[in-house]
Amino acid sequence: METIWFCLVALMIALYVLLDGFDLGAGAIHLLVAKTDQERRQVLASIGPVWDGNEVWLLAAGGTLYFAFPVLYASGFSGFYLPLMMVLWLLILRGTSIEFRNHIKSAVWDPLWDFLFCSSSLLLAVFFGAALGNIVRGVPLDATGYFFEPLWTNFRLGDETGILDWYTILVGVLALAALVMHGSLWVQWKTAGPVSERSARLAGHSWWAIVVGTAVVSAATFQIQPQINANFKAWPWGFIFPALAVAGLAGVKYALAKRDQRKAFLASCAYLTGMLASVVFGVYPMVLPARHPEYSLTVLSAKAGLYGLQIGLIWWAIGMVLAAGYFTYLYRSFAGKVAVDTNSHDPSE
């Protein structure tokens, strides 16, 4: 049962990355692909009806984590308290900038909202990547099951680690490049004209950075986390996940060359899914690796009671059916290229 919930938590996180990932990517490229106010409104319109709904998956993933692995939730959130607060403020600034720009037309304030939307989206992508890097690398858990990490120490890998070191920064940069490509492909698909063309070019440029970054991060990860080596040797079928990531990257390049916007975005989804699934497969059965492996939290040591997990699975399934129905309706209603009313300041109209 604990393995099922481990997979379900991973699924929730993957859904958040795929859906809110293109929102973050669209924000990060906002000032690069849009040169005029009309074009910036076009980028905002590409995510207008869905961005706030996509963020719900982050709350759903946190709620699922709290229910299924309360020990992990308590330990992880207390140890990552500082970056968690920073992420919350970035989410607040990002949401505020979108809503204020949509509803307050001002030549004075619009540049500020555009800057906050771009910078907060960019930093969130880096922070989420660095968080993933911390989990893979391991945190300084002790015998009590708790830890504290400063924002940085000496940027080296050792017993006294910080949130940021050379490895987590490397993962954060790769995450930013991946979401820039993901967001560019979404904006290309949902817009027309110069914005779509610039987004396609940016996706093509970021593709090369992702190829190099994926190779470097993968090589470093196998050296840093022994559990990943052990899992892939014990269960060779797990190589299907890295293969999915490679196929996704190749699919992006092919679809861009063929100018197939929908397939290019779906190939990006495949790449992100393959990368995340590779990490999940590699660290199992750990849910929070420790720098000293004997202190690592596993699916057995961090799980909730068996009865609660069994009953919760029923309600989780019901909730997911309702959520899937709502999101299917939302995205079908939002199909096609966006159109911005030149007489309206709200790009979601």
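**View 1. Helices H1 and H4 pack against each other.** In this predicted model, helix H1 (residues 2-28) and helix H4 (residues 51-68) have axes that come within 8 Å and cross at roughly 160 degrees. That angle makes H1 roughly antiparallel to H4 (over 145 degrees counts as roughly antiparallel, under 35 as roughly parallel, 65 to 115 as roughly perpendicular, the rest as oblique). Axes here are lines fitted to C-alpha atoms over the stretch in contact, with angles from 0 to 180 degrees between N-to-C directions; helices are DSSP runs of H or I with at least four residues, strands are E runs with at least two, and both are numbered from the N terminus. The H1/H4 crossing is left-handed, i.e. the near helix is turned anticlockwise from the far one by less than a right angle. On the H1 side, the contact (heavy atoms within 4.5 Å) includes Trp5, Val9 and Met12, while Trp51, Asn54 and Glu55 are among the H4 partners. Sorted by class, the contact has 16 nonpolar, 2 polar and 3 charged residues (nonpolar: Ala, Val, Leu, Ile, Met, Phe, Trp, Tyr, Cys and Pro; charged: Asp, Glu, Lys and Arg; polar: the others, Gly among them).

A word on bookkeeping: residues are numbered from 1 along each chain as its sequence is written, and side-chain values use heavy atoms, without hydrogens or water. Since the model is predicted, local features need pLDDT of at least 70 and side-chain atom pairs count only at pLDDT 80 or more, whereas totals for chains, interfaces and linings use all residues.

View 2. The whole structure holds 27 aromatic pairs (rings of Phe, Tyr and Trp, the last by its six-membered ring, with centres within 6.5 Å; planes under 30 degrees apart are stacked, over 60 edge-to-face, the rest tilted). One of them is edge-to-face Trp186 and Trp189, at 5.7 Å centre to centre with 85 degrees between the planes. The two sit 3 residues apart in helix H8 (residues 166-190), so about one helical turn separates them. Trp186 is buried at 4% relative accessible area, whereas Trp189 is partly exposed at 27% (buried is under 20%, exposed over 50%, partly exposed in between, with a 1.4 Å probe and protein chains only). Both tryptophans belong to one aromatic cluster that also takes in Phe22, Trp57, Phe265, Tyr326, Phe327 and Tyr331.

View 3. His30 lies in helix H2 (residues 30-33) and is buried, with 0% relative accessible area. Beyond neighbours within four places in sequence, His30 touches Arg40, Val43, Leu44, Asp114 and Phe117. Helix H3 (residues 37-47) has 9 of its 11 residues buried, so the rest of the structure largely encloses it. Among those buried residues are Glu39, Arg40, Val43 and Leu44. Pro194 lies in helix H9 (residues 194-224) and is partly exposed at 42% relative accessible area.

**View 4. Pro289 in its loop.** Pro289 lies in the loop between strand E1 (286-288) and strand E2 (297-298), and is buried at 1% relative accessible area. Its contacts, setting aside neighbours within four places in sequence, are Ile135, Gly138, Val139, Leu141, Gln225 and Ser296. For Leu141, the C-alpha to C-alpha distance to Pro289 is 8.2 Å, with the two 148 residues apart in sequence.
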